[in-house]
Amino acid sequence: MKKTIHVQKLGVFKGHNDSIYALEPGISDTVFYTSGADGMVVAWDLNKPDEGKLVAKLTNSVYALCFVAETNELFIGHNYEGIHVIDTVSNTEIKSAQITKSAIFDIKKYKDWLLVATGDGYLIVLEASDLSVITKLKITDASIRVIAIHPNEKQLAIGSSDHLVRIIDLPSLRITHTLKGHTNSVFALHYSPDGEVLLSAGRDAHIMVWDMQAYTLLHSIAAHMYAINHIAFSASGKYFVTASMDKSIKVWDAAQFKLLKVIDKSRHAGHGTSVNKVLWTAYNHTIISVSDDRTISMWNVDVPHEII
């Protein structure tokens, strides 16, 4: 018998003046950061939904954030201006670097490196401590949209607007495999917690499930009506969620890749426009979502430990 997943909308965070593009976990299970087209970077706490704290106000839009708990640093990808680093304890900018004149679509931390994905097709590798450039790798003539690091940290995956997913060895930074299957831009990548599969998704509205042993396609799932912008796993790894331009969030079984629940405007008073990022926190089964509608929504998703 299939057990029912219950969804309850817990609240809405408001304060941004334009589309929200980035969503990043913070120092605890209740703290997170957002940014978007208005150039504002804001810190939030799930326990204090009315008390957003402005971390930075930048000139251009911000698509990418990366919080590093060990140093309490928030790395901000300021489009066309480079990287800014905020000390989240003192709430002050401590360093910055003009590393690109292009858009910055993603930032990931790997050991002592900062990996930056740019709109002009470069993977820029920085020394995280001082933002000095270690190397700039020209991967494609299209935009690199997303970076995912394997749980064993021996490889990373990058998705780009040339429809391809590339697997790159770490730390050599050599491209080892190119995964072909998408018919449009790749916006979302996520390794399963055990690292056995890689999920990719994007403008073609399909989820591709890749075997990371053989680097072959296991499943191609027509998952949404329009582009899939983001994928996030639950803390247990048993479920994942997708966020889409079709205004919906979908909950999936991570073992069988079966759709379990749709969260949308008609069913749950969901977002009115594109859902751009989702975060499945470890706090009380709470999912956070951000949208072009300028709001941040908080959801309680009560999933059973087992579905039979």
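Colleague: Which side chain does Lys108 meet in a salt bridge?

Modeller: That of Asp106, at 3.0 Å, N to O. A salt bridge here is a side-chain nitrogen of Lys or Arg within 4 Å of a carboxyl oxygen of Asp or Glu.

Colleague: What are the ground rules for the numbers?

Modeller: This is a predicted model: local features need pLDDT of at least 70, side-chain atom pairs count only at pLDDT 80 or more, and totals for chains, interfaces and linings use all residues. Residues are numbered from 1 along each chain as its sequence is written, and side-chain values use heavy atoms, with hydrogens and water left out.

Colleague: Back to the pair. Is Asp106 buried or exposed?

Modeller: Asp106 is buried, at 9% relative accessible area. Lys108 is partly exposed, at 26%. Buried means under 20% relative accessible area, exposed over 50%, partly exposed in between (1.4 Å probe, protein chains only).

Colleague: And strand 10, how many of its residues are buried?

Modeller: 5 of 7, so strand 10 (residues 104-110) is mostly covered. Strands are DSSP runs of E, at least two residues, numbered from the N terminus.

Colleague: What does strand 10 pair with?

Modeller: Strand 11, residues 113-118, in the antiparallel sense over 6 bridges. Pairing needs at least two DSSP bridges between the strands. Ile104 has Thr118 as its bridge partner in strand 11.

Colleague: What sits between the two strands?

Modeller: 2 residues, in a hairpin. Lys111 in the turn has a positive phi of about 50 degrees.

Colleague: Which residue does Lys111 form a salt bridge with?

Modeller: Glu153, with the closest N and O atoms 3.4 Å apart. That pair links distant parts of the chain, 42 residues apart. Glu153 is in the loop between strand 14 (144-149) and strand 15 (155-160). Glu153 is partly exposed, at 31% relative accessibility.

Colleague: How many salt bridges does the structure hold?

Modeller: 6. One of them joins the side chains of Arg267 and Asp264, at 2.3 Å, N to O. Arg267 is exposed at 53%, whereas Asp264 is buried at 13%.

Colleague: New topic. Where is Lys247?

Modeller: In the loop between strand 23 (239-244) and strand 24 (249-253). Lys247 is partly exposed, with 41% relative accessible area.

Technical notes: Helices (H or I, at least four residues) and strands (E, at least two) are DSSP runs, numbered from the N terminus.
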